[in-house]
Amino acid sequence: MTVSLCVREPYQVDGNRHLRFGVAAAAAVPGIGALAPVVSADGAAAVGGHIDDTLGDRLTRYLADGVAIDDAVEVLLGAADVSVRRGRQLHGVGRSSSVTATGRDCVAAADRDGDHYTVAGTHLPSEAALDAIADRYTGAAFGDDPLAERLIDALTAASGVGIDSRRGGDADSDGPLTVGSAAVRVVTTEATDDRRFYNDLRIDASESPIADLETTYNAALLGYEQTVDAYADPDGSPSS
């Protein structure tokens, strides 16, 4: 019961090439931020369907060892029981490749692979949700706004068409599920002097998780800016 977007964006600072990796995810059940997003300085992935809470750590280790994300996903899925594998969705981007894998038993599921981004979902009212996310993200890709902000905005684009066929009040659905969750996480290869806490946010249980994630992001960004203004050292980094 998850819809998610994974992104890789290269950028330059003082002539040095860096990468941003990010994931945004939303679900019609609580706590998706603890399970679906997998983000490190080597890649970004998201899990849907049958979620194994060890899968993220194993994938992160493969990527850190230099394994391409498509090869890593193939190994991880191949190691799972057939019934689990058929009900699992796993997609993401690594440093140089991308992958989407949707098991044949995933319900109302689909995925998109845009090379530097992937988007996927299960229990979708329609594939229009994925199209809305992809269109909103690609329209602002590599832009000046923070990646976390653009990822949340892409999730918001799907709200109007619905992200889960079983979520009550979502688009035309009258399903039994009313409490959902949402999360965003961004990691960069650029070393920074301070933790930019607006890059790692979760709404674990809410009847309006995506809207609440956007509100929380705006508050966290303001808090970060206030902290920098109030307590920065002369070199521009916040003091400890």
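A pocket here is an open set of grid points where a 1.4 Å probe fits, with protein on both sides within 12 Å along at least five of seven lines. Keep in mind that the model is predicted.

**Exercise 1.** Work out what volume the largest pocket has and which elements line it.

*Solution.* Start with the volume: the largest pocket comes to about 540 Å³. Next, find the lining, which takes in 24 residues. Val186, Val187, Thr188, Arg196 and Asn199 are the ones that lie nearest the centre. Of the elements, β9 gives the most, with four residues.

**Exercise 2.** Sort the lining of the largest pocket into nonpolar, polar and charged residues.

*Solution.* Go through the lining by residue type, and you get 10 nonpolar and 10 charged residues. The polar group holds four.

**Exercise 3.** Now do the second largest pocket: how many residues line it, and which element gives the most?

*Solution.* This pocket has a volume of about 280 Å³, and 18 residues line it. Look around its centre and you'll meet Gly33, Ala34, Pro37, Val38 and Arg185, the lining residues that lie nearest. The elements giving two or more residues are β3 (37–40), α1 (55–64), β9 and β10 (200–206). Top contributor is α1, with four residues.

How values were computed: Residues numbered from 1 in each chain as written. Predicted model: local features only at pLDDT ≥ 70, side-chain atom pairs only at ≥ 80, totals over all residues. Heavy atoms only, no water. 1 Å grid on protein atoms, 1.4 Å probe; cavity = no way out; pocket = protein on both sides within 12 Å on 5 of 7 lines; lining within 4 Å. Points joined across faces, edges and corners; volume = space filled by probe spheres on them. Nonpolar A, V, L, I, M, F, W, Y, C, P; charged D, E, K, R; others polar.
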